[in-house]
Amino acid sequence: LHSDGLVTIATMAQKYERNQDASVYVGNLDERVTDELLWELMVQAGPVVSVHLPKDRVTQSTQGFGFCEFQSAEDAQYAAQIMNMVKLFGKPLRVNMAASDRRMQDVGAKLFIGNLDPSIDDKLLYDTFGAFGSLVQAPQIAREAAGQSRGFAFVSYTTFEAADLAIQSMDGQYLANKQINVQYAFKKDSKGERHGSAAERMLAAQARKNDPNYQFTQG
């Protein structure tokens, strides 16, 4: 048995040393899915090196997605082909190459969710906003050092179409009895410029044409 410290160090090392080219992103996971269960499923596609299911820092529940690293990029590509849309606990998995998923992170389809009730957690945001399209990662709720919500969060989609739909559907709606506002987030180090610009959309469309793995990201 490892001490908590060793487990934490191992998890951090796994996060930063994972071979992205030999890894797949697995989304739309049921909350009952464990690392062990995902390993058992994925090993049917090829030799598995590691499995990682990010967990909520407060509740320790899984976030609805994870990563699986295989021994080779070919194994990962095969897994993305045969495991995509396979049902686990009745939910079709979204499986695509993690390297493709990483490239799609910079399209700029990043939303700011404001006026959040303190009771809202990452899972509720994931369940709510994941309905409009594939998320690049779990929603990021801004928190104080002690863990309390600061009342806003960020959600990033793999496409602008999904982000547009989320704004259209959720801006001004009530979540936990508070009316939230949903809009494109400000760009870092910019003078009041928001994501979602025509230039970003054009670049995303170009990346979609040039990326042979994009169909997996869309899964």
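**A strand glycine and its surroundings**

A: Gly151 is placed in strand 9, which spans residues 149–156; helices (H or I, at least four residues) and strands (E, at least two) are DSSP runs, numbered from the N terminus. The model is predicted, so local features need pLDDT of at least 70 and side-chain atom pairs count only at pLDDT 80 or more, while totals for chains, interfaces and linings use all residues. Residues are numbered from 1 along each chain as its sequence is written, and side-chain values use heavy atoms, with hydrogens and water left out.

Q: Is Gly151 buried or exposed?

A: Gly151 is buried, at a relative accessible area of 16%. Buried means under 20% relative accessible area, exposed over 50%, and partly exposed in between (1.4 Å probe, protein chains only).

Q: What does Gly151 touch, not counting residues up to four places away in sequence?

A: Gly151 touches Ile113, Gly114, Asn115, Leu116 and Ala142, where a contact means heavy atoms within 4.5 Å. Gly151 and Ile113 are 38 residues apart in sequence, and their C-alpha atoms are 8.6 Å apart in space.

Q: Moving out to the whole protein, how many helices and strands are there?

A: The protein has eight helices and twelve strands. Of its 219 residues, 48% are buried.

Q: And what share of the contacts joins residues at least 24 apart?

A: The share is 65%, taken among contacts between residues at least 6 apart in sequence.

Q: What about the surface: how much of it belongs to carbon and sulfur atoms?

A: Carbon and sulfur atoms hold 51% of an accessible surface of about 11700 Å². Accessible areas come from the Shrake-Rupley method with a 1.4 Å probe; for residues, only the protein chains shown count as cover.

Q: Now charges. How many salt bridges are there?

A: The count comes to five salt bridges, a salt bridge being a side-chain nitrogen of Lys or Arg within 4 Å of a carboxyl oxygen of Asp or Glu. One of them joins the side chains of Arg201 and Asp164, at 2.9 Å from N to O.

Q: Where do Arg201 and Asp164 lie?

A: Arg201 lies in helix 7 (residues 198–210) and Asp164 in helix 6 (residues 160–170), so the pair ties together parts that are 37 residues apart in sequence. Arg201 is partly exposed at 29% relative accessibility, and Asp164 is partly exposed at 28%.

Q: Which residues are buried in helix 6?

A: Phe160, Ala162, Ala163, Ala166, Ile167 and Met170 are buried in helix 6. They cover an arc of only 160° around the axis, which puts them on the same side of helix 6; the arc is that of the directions from the helix axis to the C-beta atoms.

Q: What follows helix 6?

A: Helix 6 is followed by Gly172, whose phi is positive, near 90°.

Q: Back to charges: which residues are linked in a network of salt bridges?

A: The network links Lys187, Glu193 and Glu200. Within it, the side chains of Lys187 and Glu193 meet at 3.1 Å, N to O, and Glu193 is partly exposed, with a relative accessible area of 40%. Elsewhere, Asp30 and Arg32 form a salt bridge at 2.9 Å, N to O, and Asp30 is buried, at 10%.

Q: Where is Glu31 placed?

A: Glu31 is in the loop between strand 1 (23–27) and helix 2 (35–42). Glu31 counts as exposed, at 55% relative accessibility. Leaving aside neighbours within four places in sequence, Glu31 is in contact with Thr62 and Lys123.

Q: Changing topic, how many aromatic pairs does a search of the whole structure find?

A: The search finds eight aromatic pairs. Rings of Phe, Tyr and Trp (its six-membered ring) pair if their centres lie within 6.5 Å; planes under 30 degrees apart count as stacked, over 60 as edge-to-face and the rest as tilted. Tyr25 and Phe65 form a stacked pair, 5.9 Å centre to centre with 25° between the planes. Tyr25 lies in strand 1 and Phe65 in strand 3 (residues 65–70), so the pair ties together parts that are 40 residues apart in sequence.

Q: Are Tyr25 and Phe65 buried or exposed?

A: Tyr25 is buried, at 3%, and Phe65 is buried, at 6%. Tyr25, Phe65 and Phe67 form one aromatic cluster.
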